[in-house]
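Subject: Structure handover

Hello,

Here is the structure for your files. My notes on it follow below.

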Protein chains: 2
Amino acid sequence: MRISQLSAASGVPIPTIKYYLREGLLPAGEQTAATRAEYGERHLRRLRLIRALLEVGRLPIAAIRKVLSAVDDPELSMHQVLGTAHYAIAPTAEPHPGDDRWSEARDRADRMIAGLGWRVDPDAPTRDELAQAMLTLGELGMPATGEALLPYAEAAMRLVSEHEIGTIRASGTREEAVQALVVGTVVHGRVLDVMRRLAQESASAGIFGDGTGKAPAP
Amino acid sequence: MRISQLSAASGVPIPTIKYYLREGLLPAGEQTAATRAEYGERHLRRLRLIRALLEVGRLPIAAIRKVLSAVDDPELSMHQVLGTAHYAIAPTAEPHPGDDRWSEARDRADRMIAGLGWRVDPDAPTRDELAQAMLTLGELGMPATGEALLPYAEAAMRLVSEHEIGTIRASGTREEAVQALVVGTVVHGRVLDVMRRLAQESASAGIFGDGTGKAPAP
């Protein structure tokens, strides 16, 4: 198909497609004449993956480029592709070298992960993310021990082991499996986040509201 | 305490504190002389709340202002404060008026919420967020029905009803309860997200990796 047809099929405007081509996010089409290129199903699939990472995952273009390079690299194992996606998703780690409270929080995060028996790379940026959340909770006077956060770990592992990993294993080709992995990480992360806020609103309506979902008059 | 002491106690630089004062995020100190103001414990608590929303919640200043106004408004019920926090956290909803696929996804999201028996405001932006995630999953050829996403709903509700709502109810004063609510929504959302990625890495190490957390050589 031509670029105009690719645009119609994907809902992505032509200038945006050209931008992705220039940025190397989308592979070039097959050149059939000096000013004409043909695009196929794999371009359409790739466009949808870019939009998913952008619109639902809200990843910046630089992070999307890293994820797509990993997806395209046949040398990388599934585990490495997942690591790349995690690294791209993780906000810039904010270690505070020399800050005792930070070191203590980071130790607590490491101990919690070890206590769970989880196999996580010692340099994974997610360890810093967990430490930052623990540090913040502690500063706000909220429970921030590994024990207090255990329900989150248990809910996360149950979801991953009972549902997510199974979906990935069932996927067919490497490309499909890798896409399921990346989409699963990013889009299902959003699904879980929005479900939690919906559940909170519903629980709050039962406890604090008048049952209509609107708050009572003061 | 003086502004310099407030800065030392909170770890927030003086120019940043002055910026929060100008922006109305932090209430003014008690003026004890023409060029001198006294700050107290509530300024310190407020500064910590701002930093939590900024650093862990990654909310923009405009969203933080909305959340803090709701926290400070004694007329608002807990349910309304939660709603304000949710609204501030929710990325701008992206309804696609006139787009049939969008309408269908939004219907599916509404049916799922109704089927769960959850009490959620008909205008809650979280409904659009769920619809967007469903639309994206469908476009990528991944399961996107209410049934397929049920494990996420169940995990979220279990966490909220067994742990989060209890924490909020146990809180003392309205200010403490409201802070627990806002922090719970924002910071614990991050905790759950990072736990899920840690659990994924660990599960992936077991299935795809060589058990060290590093991928095997190709």
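A residue is called buried here when its relative accessible area is under 20%. By that cut-off, buried residues make up 50% of the 218 residues in chain A. Please keep in mind that this is a predicted model.

Fold of chain A

Chain A has nine helices and two strands. In sequence order the elements run α-α-β-β-α-α-α-α-α-α-α. Among the contacts in chain A with a separation of 6 or more, 54% are between residues 24 or more positions apart.

How the two chains are related

In general, two copies of a chain are related by a rotation about an axis and a shift along it. For this pair, chain B is superposed on chain A by a rotation of 180° with 0.0 Å of shift along the axis, and the RMSD is 0.1 Å. This is the relation of a two-fold axis. Which residue of chain B comes closest to the rotation axis? That residue is B:Ala155, with its C-alpha at 3.0 Å from the axis.

One residue at the contact between chains

B:Ala203 lies in helix 9 of chain B, which spans residues 174-207. Is B:Ala203 buried or exposed? Its relative accessible area is 16%, and because the cut-off for buried is under 20%, B:Ala203 counts as buried. Setting aside neighbours within four places in sequence, B:Ala203 is in contact with A:Val160 and A:Ile165.

A helix pair in chain B

The other item concerns helix 1 (residues 3-10) and helix 3 (residues 41-56) of chain B. These helices pack at an angle of about 45°, and their axes are 10 Å apart. That angle makes helix 1 of chain B oblique to helix 3 of chain B. The crossing of helix 1 and helix 3 of chain B is right-handed.

Which residues meet where helix 1 and helix 3 of chain B are in contact? Helix 1 of chain B contributes B:Leu6, B:Ala9 and B:Ser10. Helix 3 of chain B contributes B:His43, B:Leu44, B:Leu47 and B:Arg48. By class, this contact has four nonpolar, two polar and one charged residues.

Regards

Technical notes: Residues numbered from 1 in each chain as written. Chains lettered and ligands numbered in written order. Predicted model: local features only at pLDDT ≥ 70, side-chain atom pairs only at ≥ 80, totals over all residues. Heavy atoms only, no water. Least-squares fit on C-alpha atoms with pLDDT ≥ 70 in both. Helix = DSSP H or I, 4+ residues; strand = E, 2+ residues; numbered from the N terminus. Buried < 20%, exposed > 50% of the residue type's maximum accessible area, 1.4 Å probe, protein only. Contact = heavy atoms within 4.5 Å. Axes fitted to C-alpha atoms, helices over the stretch in contact; angles between N-to-C directions. Parallel < 35°, antiparallel > 145°, perpendicular 65-115°, else oblique. Left-handed = near helix turned anticlockwise from the far one by under 90°. Nonpolar A, V, L, I, M, F, W, Y, C, P; charged D, E, K, R; others polar.
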